[in-house]
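Please look over the sequence and the model shown here before reading on.

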Amino acid sequence: MNGAKKTHILYEANLNFNIAQKYLEMLNEKELIRHENGLFITTNKGKVFQKMAMELKL
């Protein structure tokens, strides 16, 4: 939510670089995240999606 570097995301999600890169690209294309100053930051649209996914237990 507050932004994270790619390395932190890889570690926390337990993903390898190639898979994480695909997810990050897809999230960016869908405007759920943005890449700014080396950090990936959740957009407002991404926060709404995250809330809905939590409610649906996805």
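The model is a predicted one. Helix 3 covers residues 44–55. With 12 residues at 1.5 Å a residue, helix 3 should span 16 Å, and the 17 Å between its end C-alpha atoms agrees with this.

N14 is not a glycine, yet its phi is positive; N14 sits in the loop that joins helix 1 (6–13) to helix 2 (17–29). E31, likewise not a glycine, has a positive phi and belongs to the loop between helix 2 and strand 1 (33–36). Since exposed means a relative accessible area over 50%, N14 counts as exposed at 70%, and E31 also counts as exposed at 53%.

| Residue | Phi | Relative accessible area |
|---|---|---|
| N14 | about 55° | 70% |
| E31 | about 60° | 53% |

The largest pocket has a volume of about 620 Å³. Its lining is made up of 23 residues, and those closest to the pocket centre are L27, I33, T42, F49 and Q50. Helix 1, helix 2, strand 2 (39–42) and helix 3 are the elements that each give two or more residues to this lining. By class, the lining of the largest pocket holds 18 nonpolar residues, four polar residues and one charged residue.

Methods. Residues numbered from 1 in each chain as written. Predicted model: local features only at pLDDT ≥ 70, side-chain atom pairs only at ≥ 80, totals over all residues. Heavy atoms only, no water. Helix = DSSP H or I, 4+ residues; strand = E, 2+ residues; numbered from the N terminus. Expected span 1.5 Å × (residues − 1). Buried < 20%, exposed > 50% of the residue type's maximum accessible area, 1.4 Å probe, protein only. 1 Å grid on protein atoms, 1.4 Å probe; cavity = no way out; pocket = protein on both sides within 12 Å on 5 of 7 lines; lining within 4 Å. Points joined across faces, edges and corners; volume = space filled by probe spheres on them. Nonpolar A, V, L, I, M, F, W, Y, C, P; charged D, E, K, R; others polar.
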